[in-house]
Amino acid sequence: GYNWIKNLHKKSVTGFLTLYVPGMLFAAFCESLHYFIPYRSFDIQDFYANVTGLSIGCMVFLFRSPEM
């Protein structure tokens with residue numbers, strides 16, 4: 001649950017990777033599903049947008065004030 005995530009506020013590479021790697025895999029999985037849906041198509045720019053949003057979200061989460 002949330003208890004292990006709330007300890008990731010420490011500015012560490014491990015904390016960043018703990019959030020970033022699963023998020024990157026999820027983004028790749030979701031984008032690869034578009035290949036199989038007839039009215040959708042895989043687009044690398046969408047994947048880059050997902051990764052950019054993931055990066056910004058991880059940085060905000062990890063570098064926020066612990067008092068928040």
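Of the 68 residues in this chain, 22% are buried. The model is a predicted one, and its accessible surface comes to about 5200 Å². Carbon and sulfur atoms account for 69% of that surface.

The fold itself can be described briefly. There are 3 helices and 0 strands, so the pattern read along the sequence is α-α-α, with helices taken as DSSP runs of at least four residues and strands of at least two. Helix α1 covers residues 2-6, and helix α3 covers residues 44-63.

Confidence comes next. The mean pLDDT of the chain is 78, and 75% of the residues reach a score of at least 70. Among the elements of the chain, helix α3 has the highest mean pLDDT, 85, while helix α1 has the lowest, 60.

Two cysteines can be looked at in turn. Is Cys-58 buried or exposed? Its relative accessible area is 5%, and the cut-off for buried is under 20%, so Cys-58 counts as buried. Cys-30 has a relative accessible area of 26%. That value lies between the cut-offs of 20% and 50%, and therefore Cys-30 is classed as partly exposed. How many disulfides does the structure hold? The number is 0.

Terms used:
Residues are numbered from 1 along each chain as its sequence is written. This is a predicted model: local features need pLDDT of at least 70, side-chain atom pairs count only at pLDDT 80 or more; totals for chains, interfaces and linings use all residues. Side-chain values use heavy atoms; hydrogens and water are left out. Buried means under 20% relative accessible area, exposed over 50%, partly exposed in between (1.4 Å probe, protein chains only). Accessible areas come from the Shrake-Rupley method with a 1.4 Å probe; for residues, only the protein chains shown count as cover. pLDDT is the predictor's confidence in each residue, from 0 to 100. A disulfide is a pair of cysteine sulfur atoms within 2.5 Å.
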